[in-house]
Amino acid sequence: MIFAIKEINQDENLLPNVSLGYRIHDSCASPSQSLRAALTLANGQEKVIPEVKCKGVAPIPVIIGESGSSQSISISRAVAPFGISMVSYFSTCACLSNKQEFPTFFRTVPSDLFQAKALAQLVKHFGWTWIATIAGDNEYGRYGIQAFSEKVKQDGVCIAFSETVLRTYPKERILKIVDTIKTSTAKVILAFASEGDLYPLLREIVQQNITGIQWIASEAWSTAARPSTLHNFKSLGGTIGFASHKMKIPEFRKFLLSLRPSNSTDSFMNAFWETIFGCTFKADMYDSMFNRCSGKENLQKVNNSFFDISELRVSYNVYKAVYAIAHGLHSLLFCQDKSLGATLCANVSNIEPWQLFHHLKDIRFTNRLGENVYFDQNGDPPASYDLINWQLNDKGLVEHVTVGYFDASAEPGKEFMINEDIILWHGNQSTQVPQSICSESCPPGTRKAVQDGQPICCFDCISCAEGEISNATDSVECVKCPLEYWSSEDRKQCVLKEIEFLSFEDTMGIILMIVALFGTFITLVMLSVFLYCKDTPIVKGNNSELSFLLLFSLLLCFLCSLTFIGKPSVWSCVLRHTLFGIAFVLCVSCILVKTIVVLKAFKATVPQKSTMKWFGAAQQRSIVCACTLIQVLICVTWLAMAPPFPAKNMRHHNAKVILECDVGSPIAFYCALGYIGVLSGLCFVLAFLARKLPGNFNEAKLITFSMLIFCAVWLTFIPAYVSSPGKYTVAVETFAILSSSFGLLFCIFVPKCYIILFKPENNTKKSLMGKGPSKNS
């Protein structure tokens, strides 16, 4: 500040013929002491003098300070009613931007709102979702952590714990905070506090040798010299945080090296000299611990970081504050804009604080270092920071290395820049970014489930349910697959459902096809045998016409089973249901007529008056045709109203698309099946009644047995059909068709073919009429 004032006083253009002066008071970082010092400056009384009347105009027009936000709040509230402006160089509390409460407050350091935004972007950039916070127990810490927490929570970051510190805390409370740090799983800690308030805690952490913590520093201690030492580096090394832009002020080093107690009236000079050279001006201490200061010691031989002006940060904010006031005074004293009125223009002898305030809030200039200096409507400067990393150099000294920056005035998306390649993390490692998470990320195929009573960052990973996927890390919900898709085994993607139908390539399909063709072949063989032997008694005696028609219907039954194999199509769906229904009705109708013929033949007692003449071949054909015609009419109506069609069944089998034939009209389908059931039941009852008829020609027994097999197969088919999944449903139906067809074929025709082929001596009319010699004769 003194250097800037001297520089301005030597400038012939900024404030010509005007010399700036100053008074300095130490606040001792105490709000009450700060307020006392400010009021002393405001009323012009260096000492308390009773019964002194206050002057109408404050002897000072502006105050530079304070560094602490709490102190600045106290001072600004006290001097604002007098119109006295206050320009702070290090008070960052966002609360000070409230112009209704602090109308005359300005600062050359950005508000903590911007620092909170920068810190939030830093945390988001490195993926830290489980962090702890330590705040100073004052306005600076409370407002800063509050703003930071609000911003990071929008990004899904959780606060593991939040503690407060203050330099006046007892050691028991500090030890309690240290225990919290040691037991917590959070490995990244943001400390938003001043160096003085935080140092007791940091000292205890170093003493207990606590390592493995990645510290994030707020601007108040990110470049502090006391904690960033080699002794503390094991615990605090790799600390990263934001700080004001560094700047090198020309001629400043020369000014510092020219300081001498003999040519300075500053009360601080003797203390400064004693600290630099380790000597004393006090006579009573010459012979004890310190040498005597001569005042002529050479500053150029001193190796002290104080003289390193290449990284001025807070000091540069003071420099800007002084120049901002000087430009405000220049605008007040040399105002040319007559529209402002006489009240906002003044001469050096009658400057009032409120006049300087009005000019100060509108200043805008570029300083000699090329930086634009101005205040926005809240009294804040443009927000920009350097990202600082604590690193150990080759000389064993801790350096504050700039590894990035944050500029709030930059284009969206370009505010934050970081060079990760040059960052050293805790433990002096440069390759692996520290991790701080409450729960490991959920991989694709799983979703997050928040643990009861825990923050959202603490969760369990639950595998997606069947039919749902998640293809991103840390998915909150699983997404259902489209209708014709299903989730893969790892639940990471939706895949087309497996297409299933009873195909000719399947083992089961091949077996059923072979069995059906075998049945067709056997039927054709028996038909050939009957055709070849049509004039023999056994063929004639068994009603050859009905036998041929029955063999033809069985041939259709075997062939219709083939329509159930293969990919369903419109034609196959129509044929498999209608051909099956008509073929089985024709088959059962033939058996029914044969059963009636047997009953009529053996019940006729008087041949001349036999009713068989009313139940001849024409009548038999008519009954078969009539019974079959009813089924044909049912099928035609079915096809006209709602024919069967190929469909995709995705209801009963989640991971499969079953290609099947929808019956179209369930009523027509049940009518067709019901009609077959009625005929089968009637045929079984009649055959059962004729089972004990005498003679070798008792075909009713064979019909009874065949219908027993037929009914047993289809009654067993119902539960098997309902419980079979997918293509096995069709396989069960095909098996039932083939089984019942083979039952009828073997029971009715195999005994006859056996006699024809292997027992020709029994193929006589006499044998068939039962007139041959008996076994007992």
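A: We may begin with E66, placed in the loop between strand 1 (62-64) and helix 3 (69-79); helices (H or I, at least four residues) and strands (E, at least two) are DSSP runs numbered from the N terminus. The model is predicted, so local features require pLDDT of at least 70 and side-chain atom pairs pLDDT 80 or more, while totals for chains, interfaces and linings use all residues. Residues are numbered from 1 along each chain as its sequence is written, and side-chain values use heavy atoms, without hydrogens or water.

Q: What kind of peptide bond joins G65 and E66?

A: Most peptide bonds are trans, and most residues other than glycine have a negative phi. The bond between G65 and E66 is cis, with omega at about 0 degrees.

Q: Which loop holds A29, and what is the phi of A29?

A: A29 sits in the loop that runs between helix 1 (2-9) and helix 2 (31-43). Although A29 is not a glycine, its phi is positive, at about 55 degrees.

Q: At what angle do the axes of helix 15 and helix 20 cross?

A: Two packed helices are described by the angle between their axes and the distance between the axes. For helix 15 (residues 544-560) and helix 20, the axes cross at roughly 155 degrees and come within 9 Å. Helix 15 is therefore roughly antiparallel to helix 20 (an angle over 145 degrees).

Q: Which residues of the two helices meet?

A: From helix 15, S547, L550, L551, L554, C557, F558 and C560 meet I737, L738, S741, F742, L744, L745, I748 and F749 of helix 20; contact means heavy atoms within 4.5 Å. This contact of helix 15 with helix 20 has 13 nonpolar and two polar residues, and no charged ones.

Q: How do helix 13 and helix 15 pack?

A: The angle between helix 13 (residues 507-532) and helix 15 is about 165 degrees, and their axes are 9 Å apart. These two helices, helix 13 and helix 15, are therefore roughly antiparallel to each other. On the helix 13 side, the residues A516, G519, T520, T523, L524, M526, L527, F530 and L531 meet S547, F548, L551, L554, L555, F558 and L559 in helix 15. By class, the contact of helix 13 with helix 15 comprises twelve nonpolar, four polar and no charged residues.

Q: How many cavities of 30 Å³ or more does a search of the whole structure find?

A: A cavity is a set of points on a 1 Å grid where a 1.4 Å probe fits but cannot get out, and its volume is the space filled by probe spheres set on the points. The search of the whole structure finds two cavities of 30 Å³ or more. The largest cavity holds about 40 Å³ of space, and the second largest cavity about 30 Å³.

Q: Which residues line each cavity?

A: Lining residues have an atom within 4 Å of a point. Around the largest cavity these are H577, F580, G581, Q631, W638, F669, A672, L673 and I676. Helix 16, helix 17 (617-641) and helix 18 each give two or more residues to this lining, and helix 18 gives the most, with four. The lining of the largest cavity divides into six nonpolar, three polar and no charged residues. The second largest cavity is lined by F501, L502, F564, G566, P568, R576, L659 and V730, of which six are nonpolar, one polar and one charged. Here Ala, Val, Leu, Ile, Met, Phe, Trp, Tyr, Cys and Pro count as nonpolar, Asp, Glu, Lys and Arg as charged, and the others, Gly among them, as polar.

Conventions:
Axes fitted to C-alpha atoms, helices over the stretch in contact; angles between N-to-C directions. Parallel < 35°, antiparallel > 145°, perpendicular 65-115°, else oblique. 1 Å grid on protein atoms, 1.4 Å probe; cavity = no way out; pocket = protein on both sides within 12 Å on 5 of 7 lines; lining within 4 Å.
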